[in-house]
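Take a look at the sequence and the 3D structure below. Then read on for a short tour.

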Amino acid sequence: MDEHKGKSLSWRTAEGVIELALNRAPANEIGLAMLEDLERFTSSLPALESKASALILYSEQKAGFSAGADLRELYAEAQKMEKSLALKGVREFLERIHAVLNRIDTSPLTTIAAVHGVCFGGGFELALTCDLIVADKMARFCFPELRLGLVPGFGGIPRLKRDIGNAVVRDLLLTGRSINATKALAVGLASQVAAEGEALRVARSTAAQVTKFDRATSAAAKRFIKPLPAEELRREIDLFCELFTRPAVMEGLRKFVEDKGAHPYLP
Amino acid sequence: MRTIEQTTDEILNLAAAHFKVPRTALESGDDFYKKLGIDSLQALELLTRLENHFGVELPDYEVQGVSDFRTLATRIQARL
């Protein structure tokens, strides 16, 4: 068995299946530490892919798969520098996270996200890189970015548009509401719903099925049915950066960061 | 069709069981954030449990600002 342990995630390969476990308290927020670990993972992917047929992404944090981008880090970093430098830093971060997520998205492996709890913003965007989403019945999916005066920036909307109908995409994006696993299954976002605490087991069972097939055929089938929406992904980075410079965004981030109450994850 | 009293009672039963609070300690007018000692992530968990239990969709903007069981019950009742 091959294993690697980073600061915010770990991975191991056994019996043709790679398991990537996110594990950064409190809710796998995606900031620089997680990005660097994900970059290490994607750098290792060519070697890992030669020994595997499937990749499972899951979380070891109780709160859920991931609460999304690390807004506290984003706000703190942006406060340290003048606006043009902050924007440059944001664009660089987005370019790097897009490179990582595009690499996972286009991996020849069959990729499965086992999702429980919160799967919000950037975490949702990470799950959307996967070919299949297995949702625990307590999972919740949400794009809350408009509450901050932003759009999703890690490729979420182009990927969601690739997978499901525009009515649901607009509902999620424009209302910022969260949906549960049953709804996610009904709209074709999730492919399976698991009982509470069982998403990883179901994902493993699915991965075991995948390993029975010829890897080259599976990879060819995936390339055929899952093109990368490259042009839209690029435009999304530009749109995010355009919106990021507005004062309302810093104010929204400040409110989120300084909220000591029980409500920061509610609209 | 459930009555609002039945809906409220089911919410209180579910909250008491899941958050390990004596059922007798909960009343319909209670602030559930305070009474259950929950944060926003746990509130989302409660929302999901209620949606699963009642078989309804409850957009989170409809519970924005709602903090007592009785009002929560009226929001759910409107979708049953």
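This report goes from the overall shape to single residues.

## Overall shape of chain A

This is a predicted model. Chain A has 11 helices and 11 strands. Its C-alpha atoms fill a box of roughly 55 × 35 × 35 Å, taken along the principal axes.

How does the radius of gyration of chain A fit a compact globule? A compact globule of 267 residues would have a radius of gyration near 18 Å, and chain A has 18 Å, so the value agrees. Of the 267 residues of chain A, 44% count as buried. Take the contacts in chain A with a separation of 6 or more: 77% of them join residues 24 or more positions apart.

## The seven-stranded sheet

Chain A holds an open sheet of seven strands. The order is E1-E2-E3-E4-E6-E8-E11, and the pairing is mixed. Strand E1 (2-5) and strand E11 (192-194) stand at the edges. Each has a single partner strand, so one side of each is left without a neighbour in the sheet. From one strand to the next, the twist averages 15 degrees.

Now look at strand E6 (residues 110-115) of chain A. Is E6 enclosed or open? Six of its six residues are buried, so E6(A) is largely enclosed by the rest of the structure. In a regular strand the side chains alternate between the two faces of the sheet. In E6(A), A:Thr110, A:Ile112 and A:Ala114 point one way. A:Thr111, A:Ala113 and A:Val115 point the other way, and all are buried.

E6(A) has partners in the sheet. Four bridges join it to strand E4 (residues 54-59) of chain A, and the two run parallel. There, A:Ile56 has A:Ile112 as its bridge partner. Strand E8 (residues 132-136) of chain A also pairs with E6(A) in the parallel sense, over four bridges. In that pair, A:Ala113 stands opposite A:Ile133.

## The nonpolar core

The largest nonpolar core has 91 residues. Which residues have the most contacts inside it? They are A:Ile56, A:Ala114, A:Val115, A:Ala127, A:Val134 and A:Ala135.

Follow A:Ala114, and leave aside its neighbours within four places in sequence. A:Ala114 is then in contact with A:Ile56, A:Tyr58, A:Val134, A:Ala199, A:Leu200 and A:Ala203.

Strand E9 (residues 140-142) and E10 of chain A pair in the antiparallel sense over three bridges. A:Cys142 stands opposite A:Ser178 in E10(A).

How many residues does each chain give to the contact? Chain B gives 16 residues and chain A gives 16 residues. On the side of chain B that touches chain A, the largest share comes from H3(B), with eight residues. By class, that side of chain B has seven nonpolar, four polar and five charged residues.

## Residues to look up

A cis peptide bond joins A:Ala25 and A:Pro26, with omega about 5 degrees. A:Pro26 lies in the loop between strand E3 (17-22) and helix H1 (32-49) of chain A. A:Glu15 is not a glycine, yet it has a positive phi of about 50 degrees. A:Glu15 sits in the loop between strand E2 (9-14) and E3 of chain A. It is exposed, because 12 other C-beta atoms lie within 10 Å. B:Lys20 is not a glycine either, and its phi is positive at about 55 degrees. B:Lys20 is found in the loop between helix H1 (4-18) and helix H2 (32-36) of chain B. B:Lys20 is exposed, with 8 other C-beta atoms within 10 Å.

Finally, find A:Asp163 in helix H5 (residues 156-163) of chain A. A:Asp163 has 15 C-beta neighbours inside 10 Å, so it counts as partly exposed. Its C-alpha atom is separated by 9.6 Å from that of A:Val187, 24 residues apart along the chain. Leaving aside neighbours within four places in sequence, A:Asp163 is in contact with A:Gly188 and A:Leu189.

Terms used. Residues numbered from 1 in each chain as written. Chains lettered and ligands numbered in written order. Predicted model: local features only at pLDDT ≥ 70, side-chain atom pairs only at ≥ 80, totals over all residues. Pairing = 2+ DSSP bridges. Buried ≥ 20, exposed ≤ 12 C-beta atoms within 10 Å, placed from the backbone. Contact = placed C-beta atoms within 7 Å. Core = buried A, V, L, I, M, F, W, Y, C linked by C-beta atoms within 7 Å. Nonpolar A, V, L, I, M, F, W, Y, C, P; charged D, E, K, R; others polar. Rg over C-alpha atoms; globule rule 2.2 N^0.38 Å. Axes fitted to C-alpha atoms, helices over the stretch in contact; angles between N-to-C directions.
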